[in-house]
Amino acid sequence: MGNLSKNFSRHEFECRCCGRAEINPRLVDALQQLRDLAGQPVRISSGYRCPEHNRAVGGATRSQHLLGNAADIVVRGLTPVELYRLAEEVEAFRNGGIGLYPDKGFIHVDVRDARARWGQLDGTNPQDSGFGRPSGRPEGVRARDGEHQIRNAGGSAGKNRRK
Ligand SMILES: [Zn+2]
């Protein structure tokens, strides 16, 4: 049992360097929805980051992690692409940010008030692996969106199908 939701506790979101935490309740709600969809524990590898820690890990200057809006997550038994697809099923993530890091084995999710997608898509473009839904297509990287400043490795960024 968690102390923030059924499965999540505050300590999972705390900054890894200092234990401080800002936690947007919408993030907890969305992660709980994802956890229920997955039917498996969602491990948070990075939640809130204080400015010092964010710099230390090379996070984006205006990272959503600094606001308590973001988490980097792993679910055992799911590939990052599968987890990315599942995150698209959660409304707050679908309308927020999702980043794909297949070679690092995790995805980033956040509950910002705008849609943002980015990722390393080498050969693992979700749309090419049976995504089905157009909204599942990661859009081109804009440096401000990329939490780790990683450039889009594939795909054309031309189409915007959010409407
Ligand atoms: Zn810290």
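Which residue in E4 is the bridge partner of Ile98? The partner is Val109. This is a predicted model.

**Helix H1**
- H1 spans residues 25-38, a run of 14 residues.
- From first C-alpha to last, H1 reaches 20 Å, close to the 20 Å expected at 1.5 Å a residue.
- Buried residues in H1 are Leu27, Val28, Ala30, Leu31, Leu34 and Arg35.
- Viewed down the axis of H1, these buried residues fall within an arc of 165°, so they line one face of the helix.
- An α-helix has 3.6 residues a turn, so residues three or four places apart point the same way.
- The cover over the buried residues of H1 includes strand E2 (70-74), helix H3 (80-87) and helix H4 (91-94).
- Gly39 follows H1 and has a positive phi, near 65°.

**Strand E4: burial**
- E4 covers residues 106-110 and is mostly covered, with five of its five residues buried.
- Phe106, His108 and Asp110 point one way from E4.
- Ile107 and Val109 point the other way.
- Residues on both sides of E4 are buried.

**Strand E4: pairing**
- E2 and E4 run antiparallel and are joined by four bridges.
- Ala70 stands opposite Asp110 in E4.
- Strand E3 (residues 97-101) also pairs with E4 in the antiparallel sense, over five bridges.
- Within E4, Val109 is the bridge partner of Ile98.

**The E3–E4 hairpin**
- Four residues lie between strands E3 and E4 in this hairpin.
- Gly105, in the hairpin, takes a positive phi near 80°.

Methods: Residues are numbered from 1 along each chain as its sequence is written. This is a predicted model: local features need pLDDT of at least 70, side-chain atom pairs count only at pLDDT 80 or more; totals for chains, interfaces and linings use all residues. Helices (H or I, at least four residues) and strands (E, at least two) are DSSP runs, numbered from the N terminus. The expected span of a helix is 1.5 Å times one less than its number of residues. A residue is buried if 20 or more other C-beta atoms lie within 10 Å of its own, exposed if 12 or fewer, and partly exposed in between; C-beta atoms are placed from the backbone. The arc is that of the directions from the helix axis to the C-beta atoms. Two residues are in contact if their C-beta atoms, placed from the backbone, lie within 7 Å. Two strands pair if DSSP finds at least two bridges between them.
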